[in-house]
Amino acid sequence: MILGLPWTSWVLLFVGVGLGLGISLRFYWAHRGDR
Amino acid sequence: MYSTTIITVLIVYLLILLVIGLWGGRESGTVSGYFVAGKKLPSWVIAFSSNSTGESAWLLLGLTGMGYAVGAHAFWIILGEVLGISLAWTFVARPFKEYTDRFESITVPDYLEARFRDAGHVLRWISVIIILSMVTAYTAAQLTASGKAFGSFLGLSYTAGVFIGAAVILYYTTVGGFKAVAYSDLLQGVLMFACLVTLPIVAIPAAGGWTEVMGALHAEDPALLRPMGSYGVTLPGVISAIGFMGIGLAFLGAPQLLTRFISARDQKQIVEGGFIAVICVIGFDVGAVLSGMAGRILFPGLLDPETVLPEMSASLFPAIFTGVFLVVVLAAIMSTVDSLLILASSAVVRDIVQQVFHPRWSERRLSFYGKLTTVVIGAGAIIMALAEVRMVFWFVLFAWSGLACAFTPVVLCSLFWKGTTRAGAIVGMIGGFVTCVTWVVFFKEGFYDLYEMLPGFAAGFLLTIGVSLFTEAPADAGSEMDAVRDAVGPVFRTR
């Protein structure tokens, strides 16, 4: 338990948020100078 | 129950929508203007419009209800939606935009017909039939939610709620066209985002704080905090988790969302829009699930978990915010309905009337028929909403999955595989849709309620690929795809 929530649930939450943010940030960074 | 403050907030919101409708009207006199705002929309507008269209009343009523009913198991929905949206903007949006600009397409059937050189309009007809049947059901489900929202917040009758919601949507959609739809979606999306980020920030302390909420949930049922919920790591549990994730697959190719990419001003808007859309959906989904979990402690024993958001807004906030929450629920409904109505109208007027029967009709005449069709389809949805069952969640998911199963596998194959053929697309589209519907009707119950999107997608891909392997792709489709890839460049590398 971390802050009352099982660590597996934290992992699930952070995988969802982290993967989405990571993919879109990487994409934005690669094309930030595009027209 | 009627509060002057709530009604004032509601009237201000509805007036703003009417002004946006009038403002958008300047653009709606042509077919391209009415259906895709002349392809001039900036990143913020397409991003919020895409998300608020994809996230209907289900987000506010259904997903908060999910957080209430199943707790952390609903995190799978967050994973699926965030992944679906980030992959759609990263991989699908730019090649799709490039293709549709080259073909001068303003609808998804336009694109499919041009991509597969479908001179007989077969793909166009199939698309239109599927879009019309699903959109009417989907719109009816949203109007059902409108009736429910007015009832929960203001004590109005269900019928009055359906009519008030539909009248305002029909006004600004017909007068303002896609520009009004997209900018009202931006306003509605921002309201939804603000509401769903604020709600858990207020609700969790009101329930005693984070650890107290988690402790109380654990005391009630430890399964509420586990990723696999009450199922545990069992076959039904895995099927349920995959089904929750599958909800996000539709973002990869549902026509009402692909239209946002078509309407973007240029590729740069898509690059910026993707990041905005992902931030937005994280706020939407995390906020909704956590609110539902806190709501279970604040309001234990609700008969209908989908009423947790209205309960929270009425109890935790002053009256003016209760009005704001009513507006936000309506915003979620309206932002979906307006987009669906425009989609259905474009299917009839652009895809059939203009492209099949009357290519010489004037732009003004066609846009008039577009508006008329919007009203007729809206009226059909009102009748369905007044007659149908009032359970929002699964009704919306069925329409959502039907559209997604018909279009997404075919669109993805058409964007990434040179060998995709017209026959493959036709069979894949029909097969994906029919599998989705038959799964719900005949098989779902016997397979632990496996979400229909998964067999629908599997059938769509298998049939599109299988039939394409035995038929001939358009002669120049390969060089055309190479040219599109060259134009958009690599996904994660700077050129």
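User: How many C-beta neighbours does B:Lys39 have inside 10 Å, and what does it count as?

Analyst: Burial is judged by counting: a residue is buried with 20 or more other C-beta atoms within 10 Å of its own, exposed with 12 or fewer, and partly exposed in between, with C-beta atoms placed from the backbone. B:Lys39 has 18 such neighbours, so it counts as partly exposed. A note on the model: it is predicted, local features need pLDDT of at least 70, side-chain atom pairs count only at pLDDT 80 or more, and totals for chains, interfaces and linings use all residues. Residues are numbered from 1 along each chain as its sequence is written, while chains are lettered from A and ligands numbered from 1 in the order in which they are written.

User: Where does B:Lys39 lie?

Analyst: Helices (H or I, at least four residues) and strands (E, at least two) are DSSP runs, numbered from the N terminus. B:Lys39 lies in the loop of chain B between helix H2 (31-36) and helix H3 (43-54). Its phi is positive, about 55°, although B:Lys39 is not a glycine.

User: What is the phi of B:Tyr448, and where is its place?

Analyst: B:Tyr448 is not a glycine either, and its phi is positive, near 50°. It sits in the loop between helix H17 (422-443) and helix H18 (453-469) of chain B. With 15 other C-beta atoms within 10 Å, B:Tyr448 is partly exposed.

User: What does chain A contain?

Analyst: Chain A has 1 helix and 0 strands. Its C-alpha trace spans about 45 × 10 × 10 Å along the principal axes. Of its 35 residues, 26% are buried.

User: How many residues of chain B are in contact with chain A?

Analyst: Contact means that the C-beta atoms of two residues, placed from the backbone, lie within 7 Å. Here 30 residues of chain B are in contact with 25 residues of chain A. On the chain B side, helix H5 (75-103), helix H9 (210-220) and helix H12 (267-298) each give two or more residues. H5(B) gives the most, with 10 residues. By class, this side has 19 nonpolar, 8 polar and 3 charged residues. Nonpolar covers Ala, Val, Leu, Ile, Met, Phe, Trp, Tyr, Cys and Pro; charged covers Asp, Glu, Lys and Arg; the others, Gly among them, are polar.

User: At what angle do H9(B) and H12(B) pack?

Analyst: Axes are lines fitted to C-alpha atoms, for helices over the stretch in contact, and angles run from 0 to 180 degrees between N-to-C directions. The angle between H9(B) and H12(B) is about 70°, and their axes are 10 Å apart. The two helices are therefore roughly perpendicular, a term for angles of 65 to 115 degrees.

User: Which residues of H9(B) and H12(B) meet?

Analyst: B:Val213, B:Ala216 and B:Leu217 in H9(B) meet B:Met293, B:Ala294, B:Arg296 and B:Ile297 in H12(B). That contact has 6 nonpolar, no polar and 1 charged residues.

User: How many residues does the largest nonpolar core have?

Analyst: A nonpolar core is a set of buried Ala, Val, Leu, Ile, Met, Phe, Trp, Tyr and Cys residues joined through C-beta atoms within 7 Å. The largest here has 182 residues, and B:Val329 is among those with the most contacts inside it. H14(B) gives the most to this core, with 21 residues. Not counting residues up to four places away in sequence, B:Val329 touches B:Ala57, B:Leu60, B:Leu61 and B:Ala149.

User: Which residues of H13(B) are buried?

Analyst: In helix H13 (residues 308-316) of chain B, the buried residues are B:Val308, B:Leu309, B:Pro310, B:Met312 and B:Ser313. They pack against helix H4 (57-70), helix H7 (122-154), helix H8 (158-206), H12 and helix H14 (319-357) of chain B.

Terms used: Angles under 35 degrees count as roughly parallel, over 145 as roughly antiparallel, 65 to 115 as roughly perpendicular and the rest as oblique.
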